[in-house]
Amino acid sequence: MSKSTKTFQTEVQQLLDLVIHSLYTKKEIYLRELISNASDAMDRLKFEGLTNDKLLEGDSELFIKLTPDKDTHSIVIEDNGIGMSAEELDTNLGTIANSGTKGFLKSLQEAKEQGVEDNQFIGQFGVGFYAAFMIAERVEVETRRAGETQGYKWESAGDGQYSVEDVDKESRGTKITLYLPEDGKYDEYLEEWRIKNIVKQYSDYITYPIKMDVTKTDYPQAAEGEDAPEPVTTIEEETLNSMKPIWRRSKSELTADDYNEFYKRISFDYTDPLEVIHYVAEGVTEFRSILFIPGMAPMDMFSREQKNGLQLYVKNIFITDECSELLPEYMRFIKGVVDSSDLPLNVSREMLQDDAIIRRIRKSLVNKVLSTLKDLKNKDADKYLKFWEHFGKVIKEGIHLDMENREKLNELVLFPSSKTELEKPVSLKEYVERMPEGQEEIYYISGESYEAVKASPHLEALNSKGYEVLFFIDPIDEWVAQSLTEYDGKKLKAIDRGDLDLDSEDEKKEKEEKLKGAEEEYKGLLETIQKDLDATVKEVRLSSRLTESAVCLVADEHGMNANMERIMKAMGQEFQPSKRILEVNPEHPVLSKMRELSTAGDVEKVKDYSSLLLNQALLAEGSPIQDPNKFSKLISELMVQA
Ligand code: ADP
């Protein structure tokens, strides 16, 4: 192939400009990125080599070699991994098809939305290959794919274009040369001690040796009475990293920085994780794992394309980046790595899907995550609340989907309530602990927002009794309600459904007496209203849940309430709205007024009032009203009369 010059995809150039012009960043991370790519390339060689041993011909030891050269202001990073074909070279280093760069741009966008300066954070996480341009004026990549004979050279000065041409390369792998500025402004990155430090700090856990020729100076002892001999300098190849992956090291050896650094590398997140779970399982199922609960939810947590799953290693060998079988879907926000010593090395994707060992690992990871969250909730309420803000929704998904762990999940769930502020949700345990005497059930109301349910007429009787009501204001709470039917032996009861049985026996008797009287009195009126509203309302009855408002609508014990209807509509679902019950408050003056009108035979007026009553109830629960035109006309008339 003769030399051909091409233009970078626009996004790549944007990224390059950013990388080049961000002056105040940790430029040293360029090395971490290139080493990590080299290490991935060797993982892939090993992996593909499992099924095609031809690829492994040539060097048997896999390693990375760093060669700084102060004279030419350059540094070479070389590996004998999988290498790239001409095609791969073109797509990998010219477009933005790869995960790392995409992750970067996404995080960049998120950070910008949060007002973080590019400069502050660019250096904190993966920019991939392009990080080379942080210090290099020109980058040259020579590569040969394992199994092929022809090599290729890629070259660019980061100025919009790159070129690709044939090159003779003796063995497989990739050799990247960074040419730093001639004026020596980045020559510190060529100092041996500096390189050693960078490798130790960022790449110590890389499982392949990272080698460098290191200059050693010996100062021989002078013999008695003689001048000291000249110092002797020798050059020796040294391995700079300990090669122990982070999950194989003991917790006591590791610092918070080690974990955070590792997390950022695997997650493309630029903030520290909220919680780290370093878990080594011994016994029947043996594996090592490090799991991270991120500090914030990714934008795409609810998108179908969201990548999920943990990295899976088998006996230190990389198998896959996204093993989604290791955790249930609702734990998709967790990042991390699992290294199993029980799985066979040639485990395939199909095998992973139904493997007894994977199932056992999964079970044990789920338990570990749930117990960690429980501890967090008990020991650090503020941190847990932060977790809940970001991941509460997916935990609720779990309540609906993970029957086996429902009880544990029930302990984790929080809801705002009639006795708390929106930002200070309560757990079911707290709720039950502060239930006043006489309260038997756990009450909840579902609706569109905190403000909407807080003002709901359904709360009146419960408020006056001092009973707390949980607010189910997340759309998913309707599904939670279907699964979370009981806690600590107490039933969960929707206060806008069926009958509300709030009273003690004595109170009941008293009320019954009262209602009985009222029922007689209002029988005729209730029938008239029922007739007027027959098309929409199933029944009109006197209410025991209202103390101030005149009306409210309630669903049957198993009927669909207003919130569920709203959600179904929003989801574009076909459904048959069920007729609900209109409850009226006999103590409200509107009712006695209506009764007077009814007795006086003013049929038309009663009809108008009935429709006003219904619309009031709809408005109070945040539902659309019926015939808004007529409604406003009636209101105007009433205002004029007043
Ligand atoms: P990422 O590594 O996150 O995918 P990069 O921009 O760092 O993004 O690299 C792009 C792609 O180029 C990699 O996915 C890989 O396929 C290829 N690549 C980079 N460096 C090497 C290397 N040393 N050997 C083989 N392939 C490489």
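Which residues does Leu459 touch, not counting residues up to four places away in sequence?

## Leu459 and its surroundings

Leu459 touches Ile445, Val453, Lys454, Val469, Phe471 and Ile495 when residues up to four places away in sequence are not counted, contact meaning heavy atoms within 4.5 Å. This is a predicted model, in which local features need pLDDT of at least 70 and side-chain atom pairs count only at pLDDT 80 or more, whereas totals for chains, interfaces and linings use all residues. Residues are numbered from 1 along each chain as its sequence is written, and side-chain values use heavy atoms, with hydrogens and water left out.

Leu459 lies in the loop between helix 13 (450-454) and helix 14 (460-465); helices (H or I, at least four residues) and strands (E, at least two) are DSSP runs numbered from the N terminus. With a relative accessible area of 2%, Leu459 is buried, where buried means under 20% relative accessible area, exposed over 50% and partly exposed in between (1.4 Å probe, protein chains only). The C-alpha atom of Leu459 is separated by 9.2 Å from that of Thr547, a residue 88 places apart from it along the chain.

## Glu478, a buried acidic residue

Glu478 belongs to helix 15, which spans residues 477-483. Glu478 is buried yet has no salt bridge, and the nearest side chain of opposite charge, that of Arg497, is 4.5 Å away. Here Lys and Arg count as positive and Asp and Glu as negative, while His and the chain ends are not counted; a salt bridge is a side-chain nitrogen of Lys or Arg within 4 Å of a carboxyl oxygen of Asp or Glu.

The side chain of Glu478 makes a polar contact of 2.9 Å with that of Ser446, and a polar contact of 2.9 Å also joins it to the side chain of Asn563. A polar contact is a pair of N or O atoms within 3.5 Å; within protein, one must be able to donate a hydrogen and the other to accept it, and residues adjacent in sequence count only if both atoms are side-chain atoms. Leaving aside residues up to four places away in sequence, Glu478 touches Ser446, Asn561, Asn563, Met564 and Ile567.

In helix 17 (residues 562-570), the buried residues include Asn563, Met564 and Ile567. The cover over the buried residues of this helix includes strand 17 (442-446), strand 18 (469-472), helix 15 and strand 23. After helix 17 comes Gly572, with a positive phi near 70°.

Helix 18 (residues 589-599) has Leu591, Met594 and Leu597 as its buried residues. They lie on the same side of helix 18 because they cover an arc of only 120° around the axis, the arc being that of the directions from the helix axis to the C-beta atoms. The face turned away from this buried side carries the exposed residues Pro589, Glu596 and Thr599. Helix 16 (505-532), strand 23 (580-584) and helix 19 (603-620) are among the elements that cover the buried residues of helix 18.

Most residues other than glycine have a negative phi. His73, although not a glycine, has a positive phi of about 50°; it lies in the loop between strand 2 (64-69) and strand 3 (74-79) and is buried, with a relative accessible area of 13%. Asp627 has a positive phi near 45°, is placed in the loop between helix 19 and helix 20 (628-641), and is partly exposed at 45% relative accessible area.
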